[in-house]
Amino acid sequence: MTFNALTTTRRSFLAGAGLVIGFTLAPKVFSASALEGVQAGGDKSLSQINAFIKIGTDDTVTVLSKHIEFGQGPFTGLSTIVAEELDADWSQMRAVHSPADDKIYGNLAFGLQGTGGSTSIANSYDQLRKAGATARALLVAAAAAEWGVPAAEITVEKGRIKHAGSGKESGFGAFADKAATQTPPAEPKLKDPKDFVLIGQELPKLDTVSKTNGTAVFTLDITADNMLYAVVAHPDHFGATVKSVDDAAARKIPGVLDVKTIPQGVAVYAENTFSALKGRDALTVEWDLSKAETRSSDQLTADFAKLFGTDGHEAANTGDVEKSFGGNGVQTLEADIVFPFLAHAPMEPLDAVFIKAADGSVDVFNGAQFPTMDKKVTAQVLGLDPEKVRVNTQLAGGSFGRKAQFGSPYIAEAAAVFAATDGKRPMKHMWTREDDIRGGFYRPMYMHRMRGAIDANGNVVGWDQTIVGQSIMAKADLDETSVEGAANLPYVIPNLRVISHNVSLAVPPLWWRSVGHTHTGFAVETFMDELLQKVGKDPVEGRLALLSKEPRHMETLKKVAEMADWGSAVPEGRQRGVAVVKSFGTYVAQIVEVSTGDDGAPRVHKVWCAVDCGVAINPNVIKAQMEGGIGYGVGAVLFDAVTLGQGGKIVQSNFHDYRSLRINEMPAVEVAIIPSSEKPTGVGEPGVPPVGPAIANAWRRLGHGAVRRLPIVSIGSV
Amino acid sequence: MITFKLNGQERTFDGDPDTPLLWVLRDFEKLTGTKYGCGIAQCGACTVHLDGSTRRSCITPISTVDGSEVITIEGIEGKEAEAVRKAWIAIDVPQCGYCQSGQIMSAVSLLQLTPKPTDEDIDGAMAGNICRCATYHRIRQAIHNAADTMEG
Ligand code: FES
Ligand code: FES
């Protein structure tokens, strides 16, 4: 869709057509002059209205998603909630991204506008049910007035407003204008969940069609007339800065327009992407390593280990742990587990487009996971009033946490690249895959020291866990994200101690799909499995016996055991492993079946997965997120690590040495959703944590020894 | 001057002959359905059909395309393409969607060569296409479904 096509839609909105639910502040609109020639997709003009729902005179219902769509399904999920209370027909539903505004679109779970922590559905559920019910009430009121019948006699079903007595019937569009003039009810009446007709159905996703014909527009696809293309040369050590640049060769590359040093590296500007990349390759940059991280991953591991036994932050301490290890006939087990840095590697590398309008205001187009943060940072770097910056959230090619950053360091870089130009030409900044893999903001390295005590009766009586690693939240004291899933261990163990040590490195840390559970889930679920095996207990029965206080864990674990027919014969050469992890309020239990592949690496054949995420808004999306989370987790646990080599130099650079799971390595997946009337919880992350430990547990039972260092397949052996 | 056919239309390019086909499509032809994911033939996001076979456009210099016929996601048609799209939509294969142009181009080519692929055929034809959202489970299913509808 070209900008010309967009203008018409925008005009028709400005002309006042239709019903807008939410906060009908003065609509913010694009600066048309700035966007002349911009290629964008979808009905983006709607994205500039501060509202939750717009009902058009053409019968369409558009939901403005305050959450970015990068595959986890908020467009579909949020629209389902609205359509349910509105009694709309699914075929009339549309979704676009909302503008950036904390006051209206703040995530109710964390204040500012943002997507993360698998909160999209949970924090929108009540809000959008009310918005949908309000819109319905207004449409009914408009119809009642027009038809001269009592509102109570009007029914709405599948997008049709009907009055049985008079036989009158209409779609929404005909009443959209009139509805906007009615008085909204103070407390709209919400449906009883048992009357839901759309929530809980496998509705087709709203964004699928455009993603099968090349028309879905991502940030990288935004083009403007006369646009500059920019890339940045980055150091291969964390914390390094530019010492000197020789750009003579780069400037000779046809199409290269300029080279500028910015705080983050050296920016190359060109007429097209290839010239920019060629120019960057031709640069000779000397880096100042005086503040850089110069330790290798092996040295870091050794330094981490020195912290065991020193004073740390106490995250849990119940009973008397030391005593439990000294009792009569007590057997103990100890293990150190090392976790590597992990890059998120979303399929679309980080990118942004900047366009300055004649009035000096700036439009930013990016996959904004924290749009108001991106807006603030852009304004700071460009020296503008934040009101002069419009963030236009685009579909993003994945994120897995990468695009949600406090202080928006990526946008700070992109804005610095734009700030170094005269701003007369629109500019696209992109990271290559190398920039992405080597760009830091990793799931940090962690090291866990595990100690367990089993009494003479075979009961686990002591659990002592120490976790060393960076604080994702940059805390000096206890960071809950380092110990989540361990400090609140679901298993009843009378003597429990969890200690955490924060280390500080020049490698910037970040949350990575399921945050602390990426390592605590692995450590807890593999170590528990070993303890149970040591006393000859069944992994499922043994866990259930310790989960007496956690009925939803139990239910989920029982379900997955039933799905996999746990205890039945397993094909020759295969073993099964199990794990159950609650994260972000959602309970997931998985059983995997693994064999040793021809290459000596684990071959994961099948994963059974049971999930309890409260009310299942859209089972189709929930299953997809479980499948995807499983694939993401399998790839990471088998293959992935970013390592620092001698002198702290980053080793990996692209998908050849930072391996992604491929289709021939993807297990078959079977998902069951536990029926529930609890409030809905997220599904984007919780599918990830159990699969790694479940694989390691099966791997150990295949006779390969316990997994003490991830990834399981060491780098260089594939 | 390089001349080639793009989705049935005659096109020319007179820039740097080393420019990969991917960037010619995206930056010059403004056909942005074909994606960048790695630039080194590892991910398949840039897959197009060149003279009837799949090709990683990120490592294909435009100079080697002279006289050839290029089909992209925007131009792919025929019974295989139709069956694949239908199957993809029916079971909602895409998540973020960024890799899907490449997946579909590879899947269409597979069905053109092997109308009734086995799981092993699918592994062989699709292993070069990374999906970070790991939609593989549904890609496999959708290819089988597409093959079934073509048959019927
Ligand atoms: S971009 Fe061409 S294979 Fe990855
Ligand atoms: S759908 Fe997101 S990378 Fe494939």
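These entries cover a pair of helices and then a pair of domains.

**Ground rules.** I am working with a predicted model, in which local features need pLDDT of at least 70 and side-chain atom pairs count only at pLDDT 80 or more, while totals for chains, interfaces and linings use all residues. Residues are numbered from 1 along each chain as its sequence is written, chains are lettered from A and ligands numbered from 1 in the order in which they are written, and side-chain values use heavy atoms, with hydrogens and water left out.

**Helix pair.** I looked up helix 3 (residues 74-86) and helix 5 (residues 120-147) of chain A, whose axes come within 7 Å and cross at roughly 35 degrees. Helices here are DSSP runs of H or I with at least four residues, numbered from the N terminus, and axes are lines fitted to C-alpha atoms over the stretch in contact, with angles from 0 to 180 degrees between N-to-C directions. For contact (heavy atoms within 4.5 Å), I noted A:G77, A:I81 and A:E85 among the residues of helix 3 of chain A, and A:S124, A:L128 and A:R136 among those of helix 5 of chain A.

**Domain pair.** I then turned to chain B, where the assignment gives domain 1 (2-71) and domain 2 (79-151), with bounds from an automatic or database domain assignment. Their centres, taken over C-alpha atoms, are 21 Å apart, and the contact takes 14 residues from domain 1 of chain B and eleven from domain 2 of chain B. Between them the two domains of chain B bury about 990 Å², 52% of it on carbon and sulfur atoms; buried area is the accessible area (1.4 Å probe) lost on putting two parts together, summed over both.

Note on methods:
Helix = DSSP H or I, 4+ residues; strand = E, 2+ residues; numbered from the N terminus.
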